[in-house]
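Welcome! Please take a look at the sequence and the 3D view below, and then we can walk through a few features together.

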Amino acid sequence: MPDSDREIYERSTARYLRQDRLPHIWCAGCGIGPALNCFLRAIDRAELDADRVMVISGIGCSGRAAGYVKLDSFHTTHGRAIPFATGLKLANPRLTTVVFSGDGDLVAIGGNHLIHAARRNIDMTVICINNFNYGMTGGQVGPTAPLDIRTATTPYGNFEPAFNLPWLLQASGASYIARWTVLHLHELELSIAEAMRKPGFAFIEVISPCPTVYGRMNKEPEGLDSLRNYIKRSIIKNGADTRDTAIDKDGPIIVGKFLDIQQPTIHDYLSLMKDKAQKQVKK
Amino acid sequence: MSNNGELVGEFFMNGDTACAEGAISAGCRFFAGYPITPATEIAERMSRRLPVVNGTYIQMEDEIASMCAILGASWAGLKAMTATSGPGFSLMMENLGLGIMLETPCVIVNIQRAGPSTGLPTLVGQQDMMQARWGSHGSYEIIALSPASPQQMFDLTIRAFNLSEKFRVPVLLMSDEVVGHMSEKVVIPEIGAEELVFRKLPKNSRDSYLPYQTDGTLIPPMAIAGEGYRFHVTGLTHDERGYPVMNARAQNRLVTRMVDKIRLNSESIIMLEDHLLDDAEIVVCAYGITARIAKFAVNLARQEGIKAGFMQLITVWPFPERHIRMLASRVKAFIVPEINRGQMVYEVERCVAGRAITLSVPHSGGDVHRPEVILSAIKECHARQ
């Protein structure tokens, strides 16, 4: 039986946070820290063996998460956390592989790997911190930025349509898809725990403030401004049709668990194939 | 076939197949790749063979992903390999650097074709030799081997794994289309006949293990993921704990150690084959398929009474500086035929340092040198005062 929320909270940060690495690099009001805390708490909530929980990150603010967890953790190259994690998981399927990174890393430069990992339905949880911009490099436009948003490289407003990530991931073959904002910490923690226990590819989008650059340019200069915005705009809609989950500049932010299905994973197919191969060769 | 699925005996096979079998014999149990001519046969052979020996083959979405996947698999404790050719090799460069920075054993095979760009996909080149040395950004040393026959494809693949495991580095097998596609006799020895190296594992307790703490050998022991060491590794400049440190001192300490672990051990890494060198006045220095033609040309020169000798660079990187320097003090000329417009010849020239003639015999790719071309270069040097 899982312990009480408070116990989980106290124990997870003590056990799974690499405290000798603090203070972290994230700005005041940033959403990455709270999301990371949700992940740490989810390890115990999901009753996982932490020795086998792998954290793999790419590059960017969210990519630094791997460096703050007291778990086997890999800070890889820009966009390549997923293929690195794919090698880890295929080489040792008993590992729990969690990719923790940002929207630019996972969806722009790493977008091809994201859809292929979903297609394979590899047993992996991807936590995508979506703050709509490249925070580390000073707030350039990202692939999830809504139209007309101002960033360091869209001074007259964003002129590129954005990805609707839940829809993209569902079309690609994921087994589990959820989206929360960093206002929905309890729901996020539960979702991450559920995703890590779920066989197959799980994708969790976390809408997160970036007050220092994105917020400053879009009338949300404090983290709290973004949270107030989430209160106003977010609507919990579990099971929502992912065609309806696009995020625009001022409209509703649909959050919830959108998809949770059972389907064979690449590991199921791989072991069937290996059995077949070994039998054929013995003949 | 032995009980554990490894081949033993004499076979007629092409170089690509021999490379795959060498990998299986070396204990490679993970292959990630992407189809590309003329390396595809390695992936095909691995896809057939790995499931039988309980390994894993995966075709990734591109060569970037293939390179990353073998790094991940290596950290999970498996010997891992990928194989490609020019365009794919270019795509692998960034994460080759990650492999170097994380000190991750793995083997990358390049069956070279002629470029630049798509070039001649089905025809031979030896044009990625400097890319092998310098292709990833940053300051580093690399180990690269160059086989000249299917037998050497087998033998050197095993050696590549052994070196990668010993020094905790990615090792490059720089072959070429002709060696990859030619079929010859390949002898695969009994299991246990070849010494196999596996990375040094930590002896520390799990709490005291530091992923980049050395034990006096410049090569830190490597933990396997999922065994409770709770280590962190990063492509950022880092200290013994694996933690990022952003300053010149940490950078110097780390990069110097990683460079030194190859440089200071280069004598044990370098392998050369020579022929008629003892009294040679003219040395033809070559690698890969060109080495075989060079050897033939040297024999032709000897028939004409010219004191020519031959040296095959089996190890191309680290470059055998000492050997070339020693020879340079007593021979008249070095001739370097290669299927590019001049790459390794610059290394020879650097080591010769003006003490002998250095002559490039370039070739743009698409086929191999004719022996007469190399012979006439030998004669030209012979005639010079």
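Helices α1(A) and α2(A) are roughly perpendicular to each other (angles from 65 to 115 degrees count as such, under 35 as roughly parallel, over 145 as roughly antiparallel and the rest as oblique). This is a predicted model, in which local features need pLDDT of at least 70 and side-chain atom pairs count only at pLDDT 80 or more, while totals for chains, interfaces and linings use all residues. Residues are numbered from 1 along each chain as its sequence is written, and chains are lettered from A and ligands numbered from 1 in the order in which they are written.

**Two helices in chain A**
- The axes of α1 (residues 5-16) and α2 (residues 32-45) of chain A cross at roughly 105° and come within 9 Å; axes are lines fitted to C-alpha atoms, for helices over the stretch in contact, with angles running from 0 to 180 degrees between N-to-C directions.
- Helices (H or I, at least four residues) and strands (E, at least two) are DSSP runs, numbered from the N terminus.
- Among the residues that meet are A:Ile8 and A:Tyr16 in α1(A) and A:Leu40 and A:Asp44 in α2(A); a contact means C-beta atoms, placed from the backbone, within 7 Å.
- The residues of this contact divide into five nonpolar, three polar and four charged (Ala, Val, Leu, Ile, Met, Phe, Trp, Tyr, Cys and Pro are nonpolar, Asp, Glu, Lys and Arg charged, and the others, Gly among them, polar).

**A strand in chain B**
- Six of the six residues of β2 (residues 28-33) of chain B are buried, where buried means 20 or more other C-beta atoms within 10 Å of a residue's own, exposed 12 or fewer, and partly exposed in between.
- β2(B) runs parallel to β4(B) (residues 79-84), joined by three bridges, and B:Phe31 stands opposite B:Met81; strands pair if DSSP finds at least two bridges between them.
- Four bridges join β2(B) to β3(B) (residues 56-59), again in parallel, with B:Thr56 as the bridge partner of B:Phe30.

**A residue in chain A**
- A:Ile266 is found in helix α10 (residues 266-282) of chain A and is buried, with 21 other C-beta atoms within 10 Å.
- A:Ile266 lies 147 residues from A:Arg119 in sequence, but 9.1 Å from A:Arg119 in space, C-alpha to C-alpha.

**Where the chains meet**
- Chain B gives 39 residues to the contact and chain A gives 36 residues.
- On the chain B side, α3(B) supplies the largest share, nine residues.
- Strand β2 (residues 72-75) of chain A runs parallel to β10(B), joined by three bridges, and A:His75 has B:Thr234 as its bridge partner.

Note on methods. Two residues are in contact if their C-beta atoms, placed from the backbone, lie within 7 Å.
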